[in-house]
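Please look at the sequence and the 3D structure below. The paragraphs that follow start from a single side chain and go on to other parts of the structure.

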Amino acid sequence: MRRRFLKEIGTVVGIVVILAVMVFGNSQVKRGGLREEMEAKRLSAEAVQKKGGLELMQWAELQKTKGSVKTGPAFDDQLKQLNNQRVNLVGFMAPIDEVKDVTYFMLLPVPIGCFFCDAPPMRDIVLVEMEKGRKAMIVEEPVVVTGTLMLNEKPGSQFFYGIKNANWAS
C-alpha cells in the first residue's frame, strides 16, 4: 500500500514538473516572438518618419552606453555630441506613476509587460519630461518624441538619459 502511494506521488510530481517546464518554455518562446513583433512595429514607425523627412536618433546609439547605476554611465562619443541637442526618437511609452495626463514617462525600444519580471537594461530607458504645460496619455503604440537630450553622467543617476521639453506624436 505504501509503495503504491509513493509511486503515485512520484508520478504526479513528474507530471507537474513536465507541465511546468512546458509552460515556462512556451512563455519564453512567446516573449521572444512578442519582442520581435514590437521591434518590427517600431522599425515600421521609424521608416514612416524617415520617409517624411524626420531625422531620428537610433536606439543603437543609446545601446552603446556602458556602466551601471553604481558606476555611472560611459557614453559613446557620438552620443556625447547629441547632449543638449534637439532629437527625435521613436519608442514605446511606459508609465512611471500615472497613465493619464502624465508630465513624464519612460520611453523604451520595446514595451515591457512587467517591470519586476522583465526589467530593461538602463541603456534602454529614456526619461521623457514633457514641455511645460503639456500632458500626455500613455498609449501602447510607437510614438515619436521630440525634445532636448540630456545625458546624466554622474554615478547614482536613476536614468542615464532623458529628453526634456518634449512633445510626442503617435
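The side chain of Asn88 comes to 2.9 Å from the backbone oxygen of Glu55. This distance, like every value here, is taken from a predicted model. Asn88 belongs to strand 3. Is Asn88 buried or exposed? Its relative accessibility is 13%, and buried means under 20%, so Asn88 counts as buried. Leaving out residues up to four places away in sequence, Asn88 touches Leu54, Glu55, Leu56, Met57, Val145 and Thr146.

In soluble globular proteins, nonpolar side chains tend to be buried together. In this model, the largest nonpolar core has 25 residues. Which of them have the most contacts inside this core? They are Phe105, Leu107, Val126, Tyr161 and Ile163. At least two residues of the core come from each of these elements: helix 2 (59-62), strand 3 (86-94), strand 4 (104-108), strand 5 (126-130), strand 6 (143-151) and strand 7 (161-169). Strand 6 gives the largest share, four residues.

Another core, of six residues, lies apart from the largest one; among its members are Met106, Leu108, Ile125 and Leu127.

Nonpolar residues are also found on the surface. Phe5, Leu6, Ile9, Val13, Val17 and Val21 form a nonpolar patch there, and together they have about 570 Å² of accessible area. One of these residues, Ile9, is in helix 1 (residues 2-51). Ile9 counts as partly exposed because its relative accessibility is 39%, which lies between the limits of 20% for buried and 50% for exposed.

Two loop residues remain to be looked at. Asn84 is in the loop between helix 3 (77-81) and strand 3. What is phi of Asn84? It is near 65°, a positive value in a residue other than glycine. With a relative accessibility of 47%, Asn84 counts as partly exposed. Asp101 is in the loop between strand 3 and strand 4. Phi of Asp101 is near 55°, again a positive value in a residue other than glycine.

How values were computed: Residues are numbered from 1 along each chain as its sequence is written. This is a predicted model: local features need pLDDT of at least 70, side-chain atom pairs count only at pLDDT 80 or more; totals for chains, interfaces and linings use all residues. Side-chain values use heavy atoms; hydrogens and water are left out. A nonpolar core is a set of buried Ala, Val, Leu, Ile, Met, Phe, Trp, Tyr and Cys residues joined through side-chain atoms within 4.5 Å. Buried means under 20% relative accessible area, exposed over 50%, partly exposed in between (1.4 Å probe, protein chains only). Patches are made of residues with over 30% relative accessible area and no salt bridge: like charges are joined within 9 Å, nonpolar side chains (Val, Leu, Ile, Met, Phe, Trp, Tyr) within 5 Å. Accessible areas come from the Shrake-Rupley method with a 1.4 Å probe; for residues, only the protein chains shown count as cover. A salt bridge is a side-chain nitrogen of Lys or Arg within 4 Å of a carboxyl oxygen of Asp or Glu. A polar contact is a pair of N or O atoms within 3.5 Å; within protein, one must be able to donate a hydrogen and the other to accept it, and residues adjacent in sequence count only if both atoms are side-chain atoms. Contact means heavy atoms within 4.5 Å.
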